[in-house]
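Subject: Structure handover

Hello,

Here is the structure I promised. Please open it alongside this message; my notes follow below.

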Amino acid sequence: MRIVIDGTRLSVMCITLSIAASANAAFNIGIDEEARLPYWEIAEPGVSIRLVQRLPDQTRGFFQARGFSVEDSEVIAQSCVFQTVFKNISSPSAPSTIEYNLREWVVHAAGARHGLKTREDWEKEWTTRQAPPSARLAFEWSLLPTRQRYRSGDYNWGMSVFSLKPGDEFDLDIVWHQDGKKRSVLLKGVRCAPDIHLKPGDL
Amino acid sequence: MNILFRTAALLLWLTAGVAADAETGKIQTLTPLDKPFIAPDFALMGEDSKTYRLSDYRGKMVVLNFWATWCPPCRDEMPSMERAHQKIKGEDIVILAVNVGEDGDTVFAFTGQYPVSFPLPLDFDGSVIAKYPVIGLPTTFIINPQGNVTHRAIGSREWDDDRLLNTLRKMLKP
């Protein structure tokens, strides 16, 4: 089953838009209450996936505080990072098993397509760049797992990296397997956070 | 058409209901492992400078949680873990929350905001979490009194929920 959803325009930033894409799928865009930044979300029976923008400044600050050099933190910060929340929301009385592999997800931007940069991809880069072990450990656990298997009630939060520039717009093929059946949604018009520098009280 | 509309509305309502439960942490599941395994032993220094050895808790049910201070769902479940810890005092159930990759000062500062009285062993170099099948934080394992890992939860739970605590009690006395 494949669903295409278009949420290209997030012009009215403070209004949550909820669209029923089909009788059993919904797509939401709005402002995440905790992060106070835009999110794109799909909610299908048993599954909820939310991508919340992260400002490059938040990302560089987070990783510098965990031992990365200024240069290495900048590499991550300039790579279009989202906080991703992937949940198995199936009821315990009708449980589903949800599995995903980020290597099946495809980013469509500026007429080209590429995959997400996963923990394993980054680990090679950190080895080359000789990042400190403690920083690499924090980085590994901060990212959304490359593969995961969720039972009812399970979920993860983690950063996902789209290898685009701040402010870029892209479409995303999100793929998962629910009780063995492949499901996918094309999330359209997702936008990387701009590289703005916040002052205290801006969010 | 009217029936179709009502059916669609009902489906959306049901979906929203389940999602709301998940967001408030009300899906209180502990997944039984297909293949229970012997819990790898460890000895780690706690944030309180005491040494915590898993095998010292043999004979008790252990709720073994892996977490980090920067992880939002890990923070979310800490207060409920503390309330659970208070509820199960005097029972043979213990909570060990192993911090991954952070030092004692960081965890000490965290406990200023999230005061807890159960042990917080420090897996500073990640050597203990590497022995367990953890893919994302937080992950919690249930270890039975014989030292076998039997259940798992990925993501936070409301640990003081009596339904969940009663499940643990039943496991303790099968």
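The contact between the chains draws 26 residues from chain A and 24 residues from chain B. This is a predicted model, and it scores ipTM 0.85 and pTM 0.86. On the side of chain B that touches chain A, three elements each give at least two residues: α1 (2-23), α2 (72-87) and β8 (148-154) of chain B. The largest share is that of α1(B), with seven residues. By type, this side of chain B has 16 nonpolar residues, eight polar and no charged.

Chain B has a mean pLDDT of 87, and 84% of its residues reach 70 or more. In chain A the pLDDT is below 50 over residues 6-24. Beyond near neighbours in sequence, that stretch of chain A has 38 contacts in the model.

Now the sheet of chain B. Six strands make an open sheet with mixed pairing, in the order β1-β8-β7-β4-β5-β6. Which strands stand at the edges? They are β1 (31-38) and β6 (122-123) of chain B; each has a single partner strand, so one side of each is left without a neighbour in the sheet. Further in, β4 (residues 61-67) and β5 (residues 93-100) of chain B pair in the parallel sense, over seven bridges. One of the bridge partners to look at is Val94(B) in β5(B), which pairs with Val62(B). Helix α2(B) packs on the sheet and touches β4 and β5 of chain B. The direction of α2(B) makes about 155° with that of β5(B).

In chain A, look at the helix pair. Helix α1 (residues 56-64) and helix α2 (residues 70-77) of chain A pack at an angle of about 140°, their axes 8 Å apart. That angle makes α1(A) oblique to α2(A). The crossing of α1(A) past α2(A) is right-handed. From α1(A), the contact uses Pro56(A), Thr59(A), Arg60(A), Phe63(A) and Gln64(A). From α2(A), it uses Val70(A), Ser73(A), Glu74(A), Ile76(A) and Ala77(A). By type, the residues of this helix contact are five nonpolar, three polar and two charged.

Two backbone details remain. Most residues other than glycine have a negative phi, and most peptide bonds are trans. Arg36(A) has phi near 60°, a positive value in a residue other than glycine. Arg36(A) sits in the loop between β3 (25-31) and β4 (38-44) of chain A. In chain B, the peptide bond from Leu137(B) to Pro138(B) is cis, with omega near -10°. Pro138(B) belongs to the loop between β6 and β7 (139-143) of chain B.

Best wishes

Definitions and conventions
Residues are numbered from 1 along each chain as its sequence is written. Chains are lettered from A and ligands numbered from 1 in the order in which they are written. This is a predicted model: local features need pLDDT of at least 70, side-chain atom pairs count only at pLDDT 80 or more; totals for chains, interfaces and linings use all residues. Axes are lines fitted to C-alpha atoms, for helices over the stretch in contact, and angles run from 0 to 180 degrees between N-to-C directions. Helices (H or I, at least four residues) and strands (E, at least two) are DSSP runs, numbered from the N terminus. Angles under 35 degrees count as roughly parallel, over 145 as roughly antiparallel, 65 to 115 as roughly perpendicular and the rest as oblique. A crossing is left-handed if the near helix is turned anticlockwise from the far one by less than a right angle, and right-handed if clockwise. Two residues are in contact if their C-beta atoms, placed from the backbone, lie within 7 Å. Ala, Val, Leu, Ile, Met, Phe, Trp, Tyr, Cys and Pro count as nonpolar, Asp, Glu, Lys and Arg as charged, and the others, Gly among them, as polar. pLDDT is the predictor's confidence in each residue, from 0 to 100. Two strands pair if DSSP finds at least two bridges between them.
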